[in-house]
Amino acid sequence: MMPMRGPGNAASYGLGWTIKQVKVKEILAEKRMAVCIDTEGQYLEATTAIHRTGIELEVGQTWVVDRTYGVWSFAAKLDLPT
């Protein structure tokens, strides 16, 4: 059984390591990947092959990506006010 912990959020318990908010910087159609940058300024590649939303991916969009299947994949598009 896991010990009880004090106040915290999902990121402090590990969920933040499998889900990230990113901005799409470049789409690599031939590789079925997109180059993204996360909120900490780190670049990552996310696959466009596992596309759960049906929304067309575009440069400049903000998304939530997850790594449930071992690779970063797009989970949800965020509509943030400009």
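1. Asp79 is exposed in this predicted model, with a relative accessible area of 66%. Since exposed means over 50%, the residue falls in that class. Asp79 takes part in a salt bridge with Lys77, where the closest N and O atoms are 3.4 Å apart. Lys77 counts as partly exposed, at 31% relative accessibility.

2. How many salt bridges does the count come to? The number is 3. One of them joins the side chains of Asp38 and Lys20, at 2.8 Å from N to O. Asp38 belongs to strand β2 (residues 33–38) and Lys20 to strand β1 (residues 19–28), so this pair ties together parts that are 18 residues apart in sequence. Are these two residues buried or exposed? Asp38 is buried, and Lys20 is buried as well.

3. A salt bridge also forms between Lys31 and Glu45, whose closest N and O atoms are 3.3 Å apart. Lys31 sits in the loop between β1 and β2, while Glu45 is in strand β3 (residues 43–47); the pair links distant parts of the chain, 14 residues apart. Lys31 is partly exposed, its relative accessible area being 46%. Glu45 is also partly exposed, at 34% relative accessibility.

4. Strand β2 deserves a separate point. Why is β2 described as largely enclosed by the rest of the structure? The reason is that 6 of its 6 residues are buried. In a regular strand, side chains alternate between the two faces of the sheet. In β2 both faces are covered: Met33, Val35 and Ile37 are buried on one side, and Ala34, Cys36 and Asp38 are buried on the other.

5. The pairing of β2 with β1 is antiparallel and runs over 6 bridges. Within it, Lys23 has Ile37 of β2 as its bridge partner. The two strands make a hairpin with 4 residues between them, and Arg32 in the turn has a positive phi of about 55°. Lys31, the salt-bridge partner of Glu45, lies in the loop between these two strands.

6. β2 also pairs with β3, again in the antiparallel sense, over 5 bridges. Here Val35 stands opposite Glu45 in β3. This hairpin has 4 residues between its strands, and the turn residue Gly41 has a positive phi of about 85°.

7. Tyr43 lies in strand β3 and counts as exposed, at 57% relative accessibility. Which residues does Tyr43 touch, leaving out those up to four places away in sequence? They are Lys25, Val35, Cys36 and Ile37. Tyr43 and Lys25 are 18 residues apart in sequence, with a C-alpha to C-alpha distance of 9.1 Å.

8. Another hairpin is formed by β4 and β5. Strand β4 (residues 62–66) and strand β5 (residues 73–78) run antiparallel and are joined by 5 bridges. The bridge partner of Asp66 in β5 is Ser73. There are 6 residues between the two strands of this hairpin, and Gly70 takes a positive phi near 95° there.

Conventions:
Residues numbered from 1 in each chain as written. Predicted model: local features only at pLDDT ≥ 70, side-chain atom pairs only at ≥ 80, totals over all residues. Heavy atoms only, no water. Salt bridge = Lys/Arg side-chain N within 4 Å of Asp/Glu carboxyl O. Buried < 20%, exposed > 50% of the residue type's maximum accessible area, 1.4 Å probe, protein only. Contact = heavy atoms within 4.5 Å. Pairing = 2+ DSSP bridges.
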